[in-house]
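I opened the file today to look up ring pairs, surface patches and a few contacts. My notes are below the view.

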Amino acid sequence: MALKYHLVRRLDMRKGAQEGDTLLYGQVRSNERVSLRTLCELISGYTSATAGDVFCVIKGLIFHMKQHLANGNTIHLGEFGSFRTIAGSKSVKDPADFHPGMFKRPRIIFTPGTMLRDTPELLSFRKIEVKKVAEICDRPHAV
């Protein structure tokens, strides 16, 4: 398995760097998106469940995960991993000055379990060339 990457030039933010200096960084590109429908069909080929059965189970899992995560619970899915909700906040010196509106947007954190933990060790990297297109698109885009 190889992750595709390309090089991007970014400003050098190191201490002592000259204004306008840049550095190159590797940036990983995803190959393609795998839809829920495709994933369900792949799983059904691996098990005795139909694609519809797999879809129903996944939808039920997501429904209940949303409820438990909204209640602040951590969800452990055995060797697959766990999900939890975190939210940072702004700081205050006096506890009386703190209010719930100071929390930043909550995020869901996934921690891989033993089933997925060794996946990064199986990966390699392969450089790709990014082609720059000079054509201007005439379709409207949201900003």
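**Entry 1, aromatic pairs.** I noted at the outset that this is a predicted model. I looked up the ring pairs, and the count is five aromatic pairs. I then took the pair of Y5 and F125, which is edge-to-face, with 6.5 Å centre to centre and 75° between the planes. The label follows because planes over 60 degrees apart count as edge-to-face. Y5 belongs to strand 1 (residues 2-11) and F125 to strand 6 (residues 124-127), so this pair ties together parts that are 120 residues apart in sequence.

I also checked how open the two residues are. Y5 has a relative accessible area of 22% and is partly exposed. F125 has a value of 57% and is exposed.

I turned to F83 and F110. Their ring centres are 4.8 Å apart and their planes stand at 40°, so the pair is tilted. F83 sits in strand 4 (residues 81-86) and F110 in strand 5 (residues 107-112); the two are 27 residues apart, and the pair links distant parts of the chain.

Are these two residues buried or exposed? I found F83 buried, at 17% relative accessibility, a value that falls under the 20% limit. F110 is partly exposed, with a relative accessible area of 33%. I also noted that ring pairs link F80, F83 and F110 into a cluster.

Which residues form the nonpolar patch on the surface? I listed V34, L36, L39, L42, I43 and F55, which together have about 500 Å² of accessible area. Helix 1 (residues 36-46) gives the most to this patch, with four residues.

L39 is placed in helix 1 and is partly exposed, with a relative accessible area of 38%.

I placed R107 in strand 5. What does R107 touch, leaving out residues up to four places away in sequence? I found R84, T85 and I86. Strand 4 covers residues 81-86, and I wrote that range beside the contacts of R107.

I then looked up the separation of R107 and Q27. The two are 80 residues apart in sequence, and their C-alpha atoms are 23 Å apart in space.

Key:
Residues are numbered from 1 along each chain as its sequence is written. This is a predicted model: local features need pLDDT of at least 70, side-chain atom pairs count only at pLDDT 80 or more; totals for chains, interfaces and linings use all residues. Side-chain values use heavy atoms; hydrogens and water are left out. Rings of Phe, Tyr and Trp (its six-membered ring) pair if their centres lie within 6.5 Å; planes under 30 degrees apart count as stacked, over 60 as edge-to-face and the rest as tilted. Buried means under 20% relative accessible area, exposed over 50%, partly exposed in between (1.4 Å probe, protein chains only). Patches are made of residues with over 30% relative accessible area and no salt bridge: like charges are joined within 9 Å, nonpolar side chains (Val, Leu, Ile, Met, Phe, Trp, Tyr) within 5 Å. Accessible areas come from the Shrake-Rupley method with a 1.4 Å probe; for residues, only the protein chains shown count as cover. A salt bridge is a side-chain nitrogen of Lys or Arg within 4 Å of a carboxyl oxygen of Asp or Glu. Contact means heavy atoms within 4.5 Å.
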